[in-house]
Amino acid sequence: MQKPVEAWSAAVEAATAGKDTDMAMAQDNEQAQWHVMRAYKSERAAEERLCDDKYGLKHFIPKQEVIRTVNGRKRVCMVPVIHSLVFVYASHRQIVEFKRNFYNELQFVTWERDGELTYLTVPGRQMDSFIAVCRQKEREVRFYRPGEIGMSNELVKGKRVRVHGGPFDQVEGYFMKVEKRRGRQLVVIIPDLLVAAAEVEPEYIQIID
C-alpha cells in the first residue's frame with residue numbers, strides 16, 4: 001500500500017507564502033470552475049463545512065488507503081493524499097461568500113505571473129478525469145508529485161489518450177511508462193501539483209493526439 005505524498009508542492013508553498021491571496025486577480029468572479037485551495041487547520045473540518053446541506057459547495061479531496069495502528073490494532077484508513085489540498089468547484093464570488101459567512105480556514109492557491117497573482121484553477125475535463133481515476137475501486141491508483149516520475153522526458157514519449165470501456169471509461173490522460181511500474185500506465189496530471197497513475201489494458205486506449 002502506497003505511503004501518502006508527504007509534502008505539499010514546494011512551488012505552491014512558495015507561491016502563497018506571505019501573500020494575501022484573496023487580493024489576487026480573478027479572471028471571472030461569476031464563472032464556476034475548479035479552484036485549488038488549502039485547508040490550513042484541518043481537511044476534515046473543511047470537508048464537513050463544504051458538505052453542509054445549506055451552505056456547502058461542490059468539492060473534492062484526493063484520498064487513498066493507508067494502514068494505521070489504532071488502539072493497538074492495524075486498520076485501513078482513508079487519508080488525504082496531500083495534507084491541506086482541497087479542490088472546490090464554484091465561482092470566486094461564491095467561495096469568498098462561503099469563507100466570509102461560514103468557514104474562513106480555506107485559502108486560495110495562487111501563482112505569480114507577469115508580476116500579478118492569479119488564482120490556480122483546473123480545467124473541468126481534466127478535473128473530471130482525475131476524480132474518475134481517484135474514485136474507481138477496481139484498480140490500484142498510485143499518486144506522485146510531478147517531479148517524482150520523470151514527467152518531462154516521459155511526456156514526450158507518452159500518448160494523449162481517451163479510455164473506452166472498463167473502470168476508466170471516458171477518462172483522458174497520458175499512456176506512458178512510469179518508473180518501477182510494470183507496463184504502461186494511464187496517467188492523469190494536475191500540473192505542478194499531483195499525478196494519479198493506474199494500469200489500464202491497451203485495448204481500451206484511443207490515441208487522441
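Which residues line the second largest pocket? In this predicted model, the lining consists of Glu43, Arg44, Glu47, Ile61, Lys63, Arg68, Cys77, Met78, Val79 and Pro80.

## Ground rules

This is a predicted model, with local features needing pLDDT of at least 70 and side-chain atom pairs counting only at pLDDT 80 or more, while totals for chains, interfaces and linings use all residues. Residues are numbered from 1 along each chain as its sequence is written, and side-chain values use heavy atoms, with hydrogens and water left out.

## The second largest pocket

A pocket here is an open set of points on a 1 Å grid over the protein atoms alone, where a 1.4 Å probe fits and protein lies on both sides within 12 Å along at least five of seven lines; lining residues have an atom within 4 Å of a point. The second largest pocket holds about 200 Å³ of space, the volume being what probe spheres set on the points fill, with points joined across faces, edges and corners.

At least two lining residues come from each of α2 (43-50), β3 and β4 (73-80), and β4 supplies the largest share, four residues. Helices are DSSP runs of H or I with at least four residues and strands are runs of E with at least two, numbered from the N terminus. By class, the lining splits into five nonpolar, no polar and five charged residues. Nonpolar covers Ala, Val, Leu, Ile, Met, Phe, Trp, Tyr, Cys and Pro, charged covers Asp, Glu, Lys and Arg, and the others, Gly among them, are polar.

## The largest pocket

Here the space comes to about 500 Å³. Of its 20 lining residues, Lys63, Gln64, Glu65, Met78 and Cys134 are the closest to the centre. β2 (58-60), β3 (63-70) and α4 (124-135) are the elements giving two or more residues to this lining, and β3 gives the most, with three. The lining has eight nonpolar, four polar and eight charged residues.

## The six-stranded sheet

Six strands make an open, antiparallel sheet in the order β10-β14-β13-β12-β11-β15; strands pair if DSSP finds at least two bridges between them. β10 (142-144) and β15 (205-207) are at the edges with a single partner strand each, so one side of each has no neighbour in the sheet. From one strand to the next, the twist averages 40°.

Inside the sheet, β11 (residues 159-163) and β12 (residues 172-177) pair over four bridges, with Lys159 bridged to Phe175 in β12. α4 lies across β10, β11, β12, β13 (184-190) and β14 (194-199), at about 130° to β13. Contact means heavy atoms within 4.5 Å, and angles run from 0 to 180 degrees between N-to-C directions of axes fitted to C-alpha atoms, for helices over the stretch in contact.
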